[in-house]
Protein chains: 2
Amino acid sequence: MTTIKDIAKAAGVSVTTVSRALNGYSDVSEKTRKKIIDIAKQLNYSPNTLARSLVMNKSKTIGLLVSGMTRSAVKDNFTFEVMTGVNDYIAKTDYDVILFNTNSTKQREKTYSQLCRERRVDGVILQGIKTDDPYLTEVVESDIPCVLIDIPIQSDRVGYVTTDNVYGAKKAVQHLLELGHRNIAMMNGHDYAFVSKQRLQGFYEAMEEANVPIRKEWVVNGDFSEEMAEARAYELFTNEPNITAIFCASDLMALGVMKALKQLHLRVPDDVSVVGYDDILLASYVSPALTTVAQNKFQMGYEAASMLIDMLEGNEAKVVTLRTQLVVRESTAEVKKG
Amino acid sequence: MTTIKDIAKAAGVSVTTVSRALNGYSDVSEKTRKKIIDIAKQLNYSPNTLARSLVMNKSKTIGLLVSGMTRSAVKDNFTFEVMTGVNDYIAKTDYDVILFNTNSTKQREKTYSQLCRERRVDGVILQGIKTDDPYLTEVVESDIPCVLIDIPIQSDRVGYVTTDNVYGAKKAVQHLLELGHRNIAMMNGHDYAFVSKQRLQGFYEAMEEANVPIRKEWVVNGDFSEEMAEARAYELFTNEPNITAIFCASDLMALGVMKALKQLHLRVPDDVSVVGYDDILLASYVSPALTTVAQNKFQMGYEAASMLIDMLEGNEAKVVTLRTQLVVRESTAEVKKG
DNA sequence: CTGAAAGCGCTAACAC
DNA sequence: GTGTTAGCGCTTTCAG
């Protein structure tokens, strides 16, 4: 493989001159520059970024650490959309992205910051990490610039992008209230997700403002899993026949809930209204189409990448909160009288 | 950031010894090794893979070059599933993956092999590349180990994984023939996809073996796009009302076809039977659920990664052909008599 | 069992 | 404008 040394020899100059010429420094005569560039082309030269990174002490790579790259997560293309957004922004820069995943054996032995430091990534985007993940604190407290998705931790090296979860959930529940529902349940995710707490809060706020009493036993956790949500919903609706509507903290769980309702011969939306969260692809394809709170996942990735690159260029870590949108489809309807 | 030099100093040994101890060489006394490992831990040492890669002349990274990471491709989670398969295999190795995309400005100036050489990836997996892509030949003829997905090029450095496209298409068309259809159309992709040619061949074989005449004007290209397929299908079914069934080279196109049929007030499967290809997530969720030829995309990625790593360890490039499976759902039915 | 020294390909003072 | 030199952090002969 050709090196600048080879070029230097061929051009009869020193490696310094080659380096400078190729990197567009001004203090090289146009004549030598042209010659060097010609020879480089001729020799099919590619710079060795490893060597460059080593000496410059920055690699021009960012890490993308996701938890959702699993076979079972294919239904939930959240991760993929975020990744696409990241990719889209990064494509416009001179950075490349290196993919880490949290669910490998490899990772279990190494902390996130170790992963990052070994590859000398300049910064990292984290997605799908649980708030109780011990490695989360570890990487956030390291000196690696981080952008978190849906985890509200901030410092001079750590920013995050999220959506208006409280407000999003509130709008969803208000929609149910406006339809006349009073007996509203909630299928939440789990205690280790920031968004779960936020969406629960939105639920509470909406209910309280409408002076509708909250039944704590009507709020259950489905662990963001379709199967778990189905099982929980089956129990819930079996024991509590008065519930007329349910707000789910994710579309995938809403799908599970709808399956349970079908088994119990309860019709959506005639007997029970269902609202989801996320607006995954399936939401508009299932029958009945799911009313849900749409998040712009693509943009979340895009903003995260943008913020990270900004940070690497000396700007401050920020907080970006994107707006969500209630998308009313077919899974919600007015409560039946009596 | 701690280096082996720091450790050497702290332990009172040379850097050589540190390197050997940390890499598990046998010619270090247990005592010094333990000491060194302790100090390394204490100093929170992470090896600098850049430096290591530079001197070892291999980076322990593979490139993943995909074309399908675009906002519009989200419906078609083909890319994501392949990526997940790749990721799953790689997670078990000591390699990391670096993501390249074909649709960036960055890339338009650099060839694929340049991208690879600059980052010194040890090998690369290519997915979603058109057969007429000039950079394809370029990377395949370089000395970089490649595994291609759905492109049949082989050499000592290039292997590929694909599925039994001819047979898969044949089964799909035979299914239609068995249902009594004779007036069968095909919505193909484009001329720059290997799979299009193969699937077309399968279509021909099935028709010929059944002694059913082929109408060339009933075979159209939808460019693997939902919108394009919709437009083409609209024309086709407007002009050719005798067609009773259509085989599509992708599910996404099948979706487009179904939209066109709906507009034309043709019912699926009562008036027209539709078969897709891929078995994307949506196939089982649309109504009517799509009969299709299922490919194991996850496994394609997994096998590709496995082959590449094998090659990097000295084994030969191979060809892996995975089996497809006809999944009969609701979009196909017996042809209506007379 | 351990160390000295060279070198991977590149950049960056510093001199001329 | 251009060259000399040192050094990024690591591995690897080669001596001892």
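Okay, let's start with how the elements are named: helices (H or I, at least four residues) and strands (E, at least two) are DSSP runs, numbered from the N terminus. This is a predicted model, where local features need pLDDT of at least 70, side-chain atom pairs count only at pLDDT 80 or more, and totals for chains, interfaces and linings use all residues. Residues are numbered from 1 along each chain as its sequence is written, chains are lettered from A and ligands numbered from 1 in the order in which they are written, and side-chain values use heavy atoms, with hydrogens and water left out.

So, on to DNA strand D. Which helices each supply at least two residues of the surface near it? They are α2 (15–22) and α4 of chain A, plus α2 (15–22) and α4 of chain B. Near, here, says that a heavy atom of the residue lies within 4 Å of the strand. α4(B) gives the most, with four residues.

There are 25 residues around DNA strand D, and T16(A), T17(A), I4(B), S19(B) and Y45(B) come nearest. By class, that surface has eleven nonpolar, eleven polar and three charged residues. Nonpolar covers Ala, Val, Leu, Ile, Met, Phe, Trp, Tyr, Cys and Pro, charged covers Asp, Glu, Lys and Arg, and the others, Gly among them, are polar.

What about the DNA side?

Now please turn to chain B for a sheet. It's an open one of six strands, in the order β7-β6-β8-β9-β10-β12, with mixed pairing; to pair, two strands need at least two bridges found by DSSP. β7 (219–221) and β12 (325–327) of chain B are at the edges with a single partner strand each, so one side of each has no neighbour in the sheet. Neighbouring strands of this sheet are turned by 20° against each other on average, direction ignored; the axes are lines fitted to C-alpha atoms, and angles run from 0 to 180 degrees between N-to-C directions.

Inside that sheet, β8 (residues 245–248) and β9 (residues 273–278) of chain B pair in the parallel sense over three bridges. F247(B) has V275(B) in β9(B) as its bridge partner.
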